[in-house]
Amino acid sequence: MTDDGKEAPDSDRWTEGLMRINNEQANELRETRRALERGRAGESMSEEALFDELTRVNNDFANLQRELVRANTRLQQLNEEKNRFLGMAAHDLRTPLGVISSYAEFLEEEATERLTEEEVHFVQLIRRTGDFLLRMVNELLDVASIEAGRLELRVGESDLMSLVRNTVRLISPIAAAKSVELKVADTTEIEPFYFDPDRVEQVLHNLLGNAVKFSEKNDVVNVRLDQDGDDAWVHVEDEGVGIPEDLQSQLFQPFGGASRPGTAGEEGTGLGLAIVRRIVEAHGGVVRVKSRVGEGTTFSFSLPLVR
């Protein structure tokens with residue numbers, strides 16, 4: 001029961017159950033230690049009594065272990081139910097949010113001359129908010145699918161450098177609006193290899209978007225490729241505000257440090273980097289980050305060249 005007399009949610013009750021099991025195990029360990037210490041101290045405790053005491057403790061541990069397994073199984077079921085609900089809710093929200101964003105964009109492009117300055121501002125605010133919510137819903141759907149083990153890769157032979165250049169062109173207008181320059185460094189040619197181009201483009205879009213988000217006016221974002229053994233590496237380097245060391249360990253967790261506002265107040269969902277890591281790892285690669293506050297950040301990820 002909660003403080004207001006209502007029944008606690010399943011997740012809370014199972015968490016409390018796990019804490020109780022943990023406390024009982026700790027108590028059993030303390031009792032066993034005391035029994036052993038009494039035996040070493042020569043107190044009146046026969047070998048038979050000590051054996052019986054240890055047997056009882058062992059049986060109690062076995063019972064607690066079975067209870068822990070049942071509790072853990074139930075928690076897994078609750079987590080799966082949560083992912084299913086999250087996926088259904090996000091899916092149902094996507095269509096109406098898409099309609100709101102589309103009509104707001106139409107008004108912004110076609111009806112500006114008939115609206116007052118204040119009304120134009122309201123329309124732009126509706127469009128930006130709708131786009132942000134739609135992006136969050138799409139990322140929630142991705143997270144729900146990934147957590148449920150339904151991340152699908154459509155792998156085919158693709159050119160990574162061409163994909164990088166195309167994604168940079170897509171992000172360039174956003175960067176130009178902040179007076180941030182995107183550059184693709186000349187690198188050693190990497191022959192086409194097998195990966196999912198749509199998912200890797202999603203990774204690049206997230207990393208480049210973050211780099212622009214945390215860059216200042218007249219900063220430069222560099223993208224370069226290199227090859228290390230059987231891996232292709234992509235590096236996205238910015239000159240922005242950097243990431244505090246205490247946040248770096250949280251970056252790839254849902255709603256981690258990337259949800260911080262950008263240098264121009266841009267909002268983030270906190271889901272992008274979690275999706276990045278899972279997509280890269282699904283390919284068999286890894287993601288790394290190096291950052292210093294005030295000096296910039298470099299995100300790097302690898303893709304195996306061997307199919």
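**His235 and its surroundings**

The side chain of His235 makes a polar contact with the side chain of Asp226 at 2.9 Å (N or O atoms within 3.5 Å, one able to donate a hydrogen and the other to accept it; residues adjacent in sequence count only if both atoms are side-chain atoms). The model is predicted, with local features needing pLDDT of at least 70 and side-chain atom pairs pLDDT 80 or more, while totals for chains, interfaces and linings use all residues. Residues are numbered from 1 along each chain as its sequence is written, and side-chain values use heavy atoms, without hydrogens and water.

His235 lies in strand β5, residues 231–237 (strands are DSSP runs of E, at least two residues; helices are runs of H or I, at least four; both are numbered from the N terminus). With 10% relative accessibility, His235 counts as buried (under 20% relative accessible area, 1.4 Å probe, protein chains only). Beyond four places in sequence, the residues it touches include Asn222, Thr298 and Phe299 (heavy atoms within 4.5 Å).

Strands β6 (287–292) and β7 (296–304) pair in the antiparallel sense over six bridges (pairing requires at least two DSSP bridges). Lys290 stands opposite Thr298 in β7. Three residues separate the two strands of this hairpin, and Gly294 in the turn has a positive phi of about 85 degrees.

**Aromatic pairs**

The whole structure contains two aromatic pairs (ring centres within 6.5 Å; planes under 30 degrees apart are stacked, over 60 edge-to-face, the rest tilted). Phe193 and Phe195 form a tilted pair, 4.9 Å centre to centre with 50 degrees between the planes. Phe252 and Phe299 have centres 6.2 Å apart and planes at 90 degrees, so this pair is edge-to-face. Both Phe252 and Phe299 are buried.

Note on methods: Phe/Tyr/Trp six-rings, centres within 6.5 Å; stacked < 30°, edge-to-face > 60°. Buried < 20%, exposed > 50% of the residue type's maximum accessible area, 1.4 Å probe, protein only.
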